[in-house]
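Subject: A structure to look at together

Hello,

I am passing a structure on to you, with some notes to read alongside it. Have a look at it first, then read on.

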Amino acid sequence: MSTEYGYARISTPKQNIERQVRNILAAHPKAHIIREIFTGTKFQGRKELDKLLRKIKEGDTIIFDSVSRMSRNAEEGFLMYQELFKRGINLIFLKEPHINTDTYKKALQGGIPTTGTNVDFILEGINKYLLALAKEQIRLAFEQAEKEVSDLHQRTAEGIETARLAGKQIGQKPGAKLTTKKSIIAKEIIQKHNKSFGGSLNDAETIRQAGISRKTFYKYKKELLAYTVV
C-alpha cells in the first residue's frame, strides 16, 4: 500500500514551517508530515529527509510546497529528482506542478503515439523534443530556486554593507544580550521539559518541542544551567 509524505523544511528557526504544512495538508490531507529545521542548502545531512529517503518505497509519494524545499542547489536537486524517479517514487511540487513526476513520466512514455505511416519519423522527432523539454523544465526549476536564494543572500549582504557605511550598528552591540518573546518561551520549555532540569524530554525532543535550532538550544541550555548554578 502506497503512502504519501509531506516534507516541510525551514533553514532558520525564524521562518514559519507551519505555512508549508498547511499548504501540503490542504492539497493532500492524508499525508504524513515530516518537519525539518536545517541551516544550509545541500540535502545531504538533513536528518529527517535522510530517514525518509531510507524508508520510502516504490509507489510512495513525497509532496513539497515548492522545489526549493527539496533542494536549492540545482545540480544536486536534479540528480536527486532523477534518482527518486528511477526508484518509482512520485514527487509533487505544489507551486511547480509542471515538473511533477507524473508529467515527466508521460514524456518518457512517448507522448504522441506513432501511426505506422511515413509520418512516424516526424512524430518520433517531436517525442524526443518533448522529452528533452521535460528534462529541461525540471533542471530550470531547480536553477531558478538556487538563483532566488543567491539573490536573497546578495541583497542581504548589500543591505548590511550600506547600513555599515552609513554608520549604523550592525547586529547586537558587543556584550549585549538579545531577549525576545520567542527566546523567553523557548527557555521556559527547556527548563520545564528537558531532562537536565528534571523534565522527561531528551535534547532532541526538547529542540523539536521548542522549535529552535540545535545551536540555539545549547546556547539557551548553557545560559539556564549557569543561572541555576549561581
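Which backbone nitrogen does a side-chain oxygen of Asn 202 reach at the start of α7? The backbone nitrogen is that of Ala 204, and the oxygen comes to within 3.2 Å of it.

Before going further, a word on where the values come from. This is a predicted model, in which local features need pLDDT of at least 70 and side-chain atom pairs count only at pLDDT 80 or more, while totals for chains, interfaces and linings use all residues. Residues are numbered from 1 along each chain as its sequence is written, and side-chain values use heavy atoms, with hydrogens and water left out.

**The overall picture**

The protein has 8 helices and 4 strands. Both kinds of element are DSSP runs numbered from the N terminus: helices are H or I with at least four residues, strands are E with at least two. Starting at the N terminus, their order is β-α-β-α-β-α-β-α-α-α-α-α.

Of the 230 residues, 36% count as buried. Buried means under 20% relative accessible area, exposed means over 50%, and partly exposed lies in between (1.4 Å probe, protein chains only). The protein exposes about 14,500 Å², with carbon and sulfur atoms supplying 55% of that area; accessible areas come from the Shrake-Rupley method with a 1.4 Å probe, and for residues only the protein chains shown count as cover. Among contacts with a separation of 6 or more, 61% are between residues 24 or more positions apart, where contact means heavy atoms within 4.5 Å.

**The cores**

The largest nonpolar core has 22 residues. Such a core is a set of buried Ala, Val, Leu, Ile, Met, Phe, Trp, Tyr and Cys residues joined through side-chain atoms within 4.5 Å. Ile 62, Met 70, Leu 84, Leu 91 and Phe 93 have the most contacts inside this core. At least two of its residues come from each of β1 (4-10), α2 (47-55), β3, α3 and β4, and α3 gives the largest share, 5 residues. Apart from this core lies another, of 10 residues, among them Ala 186, Ile 189, Ile 207 and Phe 217.

Not counting residues up to four places away in sequence, Leu 91 touches Ile 62, Phe 64, Met 70, Tyr 81, Leu 84, Asn 100 and Thr 101.

**The aromatic rings**

How many aromatic pairs are there? The count comes to 4, taking rings of Phe, Tyr and Trp (its six-membered ring) as paired if their centres lie within 6.5 Å; planes under 30 degrees apart count as stacked, over 60 as edge-to-face and the rest as tilted. Phe 64 and Phe 93 are stacked, because their ring centres are 5.4 Å apart and their planes are at 15°. Phe 64 lies in strand β3 (residues 61-64) and Phe 93 in strand β4 (residues 90-93), so this pair ties together parts that are 29 residues apart in sequence. Phe 64 is buried at 0% relative accessibility, and Phe 93 is buried at 0% as well.

The rings of Tyr 81 and Phe 93 are also stacked, with centres 6.3 Å apart and planes at 15°. Tyr 81 is in helix α3 (residues 74-86) and Phe 93 in strand β4, 12 residues apart, so to speak of this pair is to speak of a link between distant parts of the chain. Ring pairs join Tyr 7, Phe 64, Tyr 81 and Phe 93 into a cluster.

Helix α7 (residues 203-210) has Asp 203, Thr 206, Ile 207 and Ala 210 as its buried residues. Seen down the axis of α7, these residues fall within an arc of 105°, so they line one face of the helix; the arc is that of the directions from the helix axis to the C-beta atoms. Just after α7, Gly 211 takes a positive phi of about 70°.

Lys 221 lies in helix α8 and counts as buried, at 12% relative accessibility. Its side chain makes a polar contact of 3.0 Å with the side chain of Ser 196. A polar contact is a pair of N or O atoms within 3.5 Å; within protein, one must be able to donate a hydrogen and the other to accept it, and residues adjacent in sequence count only if both atoms are side-chain atoms. Leaving aside neighbours within four places in sequence, Lys 221 is in contact with Asn 194, Ser 196, Phe 197 and Asp 203.

Glu 223 is in helix α8 (residues 214-229) and is partly exposed, with a relative accessible area of 25%.

Best wishes
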